[in-house]
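I opened my notebook to look up a few things in this structure. Here is what I wrote down, entry by entry.

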Amino acid sequence: MKIRPEEITAIIKREITGFEGGLDVEETGQVLEVGDGIARIYGIANCMAGELLEFPNGTMGMALNLEEDNIGAVIMGGYFDIKEGDTVRRTRRVISVPVGEALLGRVVTPLGEPLDGKGPVRTDQFRPLEFKAPGVVERQPVKEPLQTGLKAIDSMIPIGRGQRELIIGDRSTGKTAIAIDAIINQKGAGVVCVYVAIGQKASTVAGVVNRLEKFGAMDYTIIVNASAADPAPLQYIAPYAGCAMAEHFMYDKHGHTLCIYDDLSKQAVAYRQLSLLLRRPPGREAYPGDVFYLHSRLLERAVKLNEELGGGSLTALPIIETQAGDMTAYIPTNVISITDGQIYLESDLFNQGVRPAVNVGLSVSRVGGKAQVKAMAGVAGSLRLDLAQYRELEAFAQFGSELDKSTLQALARGERMVEILKQNQYVPMPVQDQVMILYAGVKGLLDEIPVEKVRRFEEQLLQHLAVQHPGIGAAIAERGELDDALEAALKKAITEFRQQFS
């Protein structure tokens, strides 16, 4: 019997319809060389930049250099078991980190693995490590204050939600202390905090965790730790991981977040190490040419979103360590140009007992004044100028024997304002208390108080106002303004207490 061609075609079609192959195609490559946390891999033709790669011992790597005949990958963990000729498998996913409520109160690695002994992080939500920063249209101006609880900062260098404010200074000048106080002060404010520790001793990070637990701040805080003992790739990705964890609460929960990167100079050093091992050409101070982009693409993710996107915010407080107060070095100038202002901490002031050791002349907030509470703006408007003038007069007075009355008065008031702005660590102050004590100093109501008694006067005055005149502080907190009637009542209350105190 003769079979027609169309019948043969119909039989073949019927046979192959619904047929699914049982083959599982995997793209694999081979390790050409490995050392110092870097592997060169041959044979993965379709690998993506930033893709996760799996090595035989379960260690993960990340593709950074996509070259013509091989791939340069950084290894996220121990590389001593990996050897030449090992098979490397593609995962087909760009590096991402776990996010969600399960991370609150936890200490994790940049890959989201727990470090606190509290069991696995139970979440099925992930966000990519790298994420494009929102454009101009998706943003709105910074207009809500982010209170740090520190008088020197909230009065003169205010920070708004969505701002990027650099904390810069030599080692041991209190940079981390400011960041920790800012986290503690967010209690009850509905702000999720992410503290990223880069290249620090594990004992230092443990101290930060204990301090936050003591003040009940770990309930709304995530700590991402890439310690000094961790490989350079983990220190490099740590800030991006922390930022991704915060972005979940901003984009998906429409909430407010605060990210602290402590510190980015160590991240730049880790990135320099990776770049040189990957044979990228070195530039100034041996940093690669894209080290500016390293920090700009991170800090541009700090934003105050518009109402259509939920109105959430991500505030960034990057920390940079200077060497011998040199703000003109490569990395400090880079980050200064990216951020919306800087808080400069000075070793000399710190050693004199002025803490926080903020140098008013070199510190600036380019945005936060628009977000400052009106009562604070009205009281502290001339404070920066007065303090800068006091510093100049103080230097001049060391050489002058006879000073006129106005100069002596400016010096006396300046001394008292410096005392008022001193603040102990882990004692953030509500904004209404800040306004009331600064009002007393700026209006000259402390000029008669001996300098050595100013701190005691401040403490007792705030107690007196809280007990005898609670309505004044409550009105300032509620309205955010200091109108004529409220100002008169505050002035009268301070004057009465001053007579009792003296």
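**Entry 1: a pair across two strands.** I began with Val31, and I asked which residue in S2 is its bridge partner. I found Ile41 there. I kept in mind that this is a predicted model.

Entry 2: I looked up the pairing of S1, residues 28–35, with S2. The two run antiparallel, and I noted 5 bridges. Next I checked the hairpin that S1 and S2 form. It has 2 residues between the strands, and Asp36 has a positive phi near 55 degrees.

**Entry 3: the other partner of S2.** I then followed S2 to S5, residues 71–75. This pairing is antiparallel too, and I noted 4 bridges. Within it, I saw that Arg40 has Gly72 of S5 as its bridge partner. I also asked how many residues of S2 are buried.

**Entry 4: Ile237.** I moved on to helix H5, residues 232–252, where Ile237 lies. Is Ile237 buried or exposed? I read 0% relative accessibility, so Ile237 counts as buried. Leaving out residues up to four places away in sequence, I listed what Ile237 touches. The list reads Met62, Met76, Ile95, Pro110, Leu111 and Leu129. I also checked Ala226, which is 11 residues from Ile237 in sequence. Their C-alpha atoms are 8.9 Å apart.

**Entry 5: Ile12 and its patch.** I turned to helix H1, residues 5–16, which holds Ile12. Ile12 counts as partly exposed because its relative accessibility is 47%. I asked which residues make the nonpolar surface patch of about 280 Å². I noted Ile8, Ile12 and Ile16.

**Entry 6: the whole chain.** Last, I looked up the totals. I counted 16 helices and 17 strands in the chain. The C-alpha trace spans about 120 × 50 × 40 Å along its principal axes. The chain has 502 residues, and 53% of them count as buried. It exposes about 23,400 Å², with 52% of that supplied by carbon and sulfur atoms.

Definitions and conventions:
Residues are numbered from 1 along each chain as its sequence is written. This is a predicted model: local features need pLDDT of at least 70, side-chain atom pairs count only at pLDDT 80 or more; totals for chains, interfaces and linings use all residues. Side-chain values use heavy atoms; hydrogens and water are left out. Patches are made of residues with over 30% relative accessible area and no salt bridge: like charges are joined within 9 Å, nonpolar side chains (Val, Leu, Ile, Met, Phe, Trp, Tyr) within 5 Å. Accessible areas come from the Shrake-Rupley method with a 1.4 Å probe; for residues, only the protein chains shown count as cover. A salt bridge is a side-chain nitrogen of Lys or Arg within 4 Å of a carboxyl oxygen of Asp or Glu. Buried means under 20% relative accessible area, exposed over 50%, partly exposed in between (1.4 Å probe, protein chains only). Two strands pair if DSSP finds at least two bridges between them. Contact means heavy atoms within 4.5 Å.
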